[in-house]
Amino acid sequence: MTATPTVALPRPVHGVKVHSRQTLGACAPTYGRVELDFEPVPTQDASTIEFACSAEPEPSPEYEVALAQGVMRELAAADTDDSGTRRGSPVSARVIVRAMSWHWVDTCELTFIRLGALAVREALACVAEDREPQLIETRVRLLF
């Protein structure tokens, strides 16, 4: 089996916003918000992610790591948690996190892994459909 070649993101996509709503009346920690920009890089360059953001209520290294994991796995087309929506070709891009929000009780790392993957999918849809980003509001599914 040969590896699928990496393609470069063809154009910038700025202002990708993904919001996972809090599960009211339940114990699932599903709240999270992110805003990311995607920039092209040469095909031979590896994808990168940088945090140039405000974080509410404060910076959270564990949620930053989780978000980066979700973004990088989706860019690499290796989201093994959701094989039904796995894309074909890996994409190289520079990802800049502009904002993120989490809650002391109603957030977990898996929420940010899923938000990262959803943000990448929205950026790629914007390129494929030649459109600007649309706000993605959802409640991520957490499978423990």
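A helix crossing is called left-handed if the near helix is turned anticlockwise from the far one by less than a right angle, and right-handed if clockwise. Here, the crossing of helix 1 and helix 2 is right-handed; helices (H or I, at least four residues) and strands (E, at least two) are DSSP runs, numbered from the N terminus. This is a predicted model, in which local features need pLDDT of at least 70 and side-chain atom pairs count only at pLDDT 80 or more, while totals for chains, interfaces and linings use all residues. Residues are numbered from 1 along each chain as its sequence is written, and side-chain values use heavy atoms, leaving out hydrogens and water.

Buried means under 20% relative accessible area, exposed over 50%, and partly exposed in between (1.4 Å probe, protein chains only). Leaving aside residues up to four places away in sequence, Val 16 touches Val 34, Leu 36, Phe 38 and Ala 119, among others.

Arg 131 sits in the loop between helix 2 and strand 6 (136–138). Arg 131 counts as buried because its relative accessibility is 17%. Its contacts, not counting residues up to four places away in sequence, are Arg 11, Glu 122, Ala 125 and Cys 126.

Key:
Contact = heavy atoms within 4.5 Å.
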